[in-house]
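Open the model in your viewer and keep the selection panel at hand. Each stop below says what to select and what is there.

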Amino acid sequence: MIWLFAAVGLAAVVAIAFVSVGIAVGGMEAETAPAVYRYSDAVEFVADRLPDEVTARISHSDVGRVLRWHLDWFAEVGLATDHGAELGDPAVAVGEVAVVDTDAACDAVVARSLRESGPDPVDVVCILEAQLVYLSQIGALSAGAPPPDR
């Protein structure tokens with residue numbers, strides 16, 4: 001008789017455990033992990049994907065400058081957080097979706113490049129297009145995000 005109670009108790013514990021794990025997994029499935037941007041990886045990724053005509057005119061440091069200007073724009077419009085920001089931070093709250101105006105970002109970076117004697121506007125646009133691909137691959141942009149109109 002004691003074996004019967006032990007078997008029923010064990011079955012109840014296992015059932016409760018499975019239900020608890022299922023609820024936790026279901027809740028985590030709906031959450032989006034924050035995207036982590038690694039600057040050095042981004043520079044390499046973008047530089048490797050630029051057309052030959054662009055790489056003939058610019059250097060890795062030019063790519064890095066344009067990417068920093070792009071990141072500065074993201075920070076100015078409130079779409080970036082510092083490394084190590086708490087997951088409860090309003091800027092990275094689960095379920096919130098920010099819409100990025102890629103044309104405005106491109107215009108701002110091209111204007112800054114012209115002001116600071118940076119790369120040619122065509123080169124800046126090529127860099128930013130590759131940057132958007134990188135951001136999409138790390139999960140910072142939705143796969144359904146429209147490409148820039150350039």
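**Before you start**

This is a predicted model, in which local features need pLDDT of at least 70, side-chain atom pairs count only at pLDDT 80 or more, and totals for chains, interfaces and linings use all residues. Residues are numbered from 1 along each chain as its sequence is written, and side-chain values use heavy atoms, with hydrogens and water left out.

**Stop 1: the whole chain**

Show the chain as a cartoon. There are six helices and zero strands, giving the pattern α-α-α-α-α-α along the sequence. Helices (H or I, at least four residues) and strands (E, at least two) are DSSP runs, numbered from the N terminus.

The chain exposes about 10000 Å², and carbon and sulfur atoms supply 61% of it; the areas come from the Shrake-Rupley method with a 1.4 Å probe, and for residues only the protein chains shown count as cover. Of the 150 residues, 24% are buried. Buried means under 20% relative accessible area, exposed means over 50%, and partly exposed is in between (1.4 Å probe, protein chains only).

Among contacts (heavy atoms within 4.5 Å) with a separation of 6 or more, 69% are between residues 24 or more positions apart.

**Stop 2: helix α2**

Select residues 39-48, which form helix α2. Which residues of α2 are buried? They are Ala42, Val43, Phe45, Val46 and Ala47. The buried residues of this helix pack against α3 (52-55), α4 (60-76) and α6 (121-137).

**Stop 3: the cores**

Select Val46, Leu50, Val63, Val66, Leu67 and Ile127. These have the most contacts inside the largest nonpolar core, which has 20 residues. Such a core is a set of buried Ala, Val, Leu, Ile, Met, Phe, Trp, Tyr and Cys residues joined through side-chain atoms within 4.5 Å. Helices α2, α4, α5 (102-115) and α6 each give two or more residues to this core, and α6 has the largest share, with six.

Leaving aside residues up to four places away in sequence, Leu67 touches Tyr37, Tyr39, Ala42, Val43, Val46, Ile127 and Gln131. A second, separate core of six residues includes Trp73, Ala105, Leu135 and Leu141.

**Stop 4: the rings**

The whole structure has three aromatic pairs. Rings of Phe, Tyr and Trp (its six-membered ring) pair if their centres lie within 6.5 Å; planes under 30 degrees apart count as stacked, over 60 as edge-to-face and the rest as tilted.

Select Tyr37 and Tyr134. Why is this pair edge-to-face? The ring centres are 5.6 Å apart and the planes are at 85 degrees, so the pair falls in that class. Tyr37 lies in the loop between α1 (2-29) and α2, and Tyr134 in helix α6, so the pair ties together parts 97 residues apart in sequence. Tyr37 is partly exposed, at 23% relative accessible area, whereas Tyr134 is buried, at 7%.

Phe45 and Tyr134 form a tilted pair, 5.3 Å centre to centre with 55 degrees between the planes. Phe45 is in helix α2 and Tyr134 in helix α6, 89 residues apart. Ring pairs link Tyr37, Phe45 and Tyr134 into a cluster.

**Stop 5: Asp107**

Finally, select Asp107, in helix α5. Asp107 is partly exposed, at 45% relative accessibility. The C-alpha atoms of Asp107 and Val125 are 9.1 Å apart, and the two residues are 18 residues apart along the chain.
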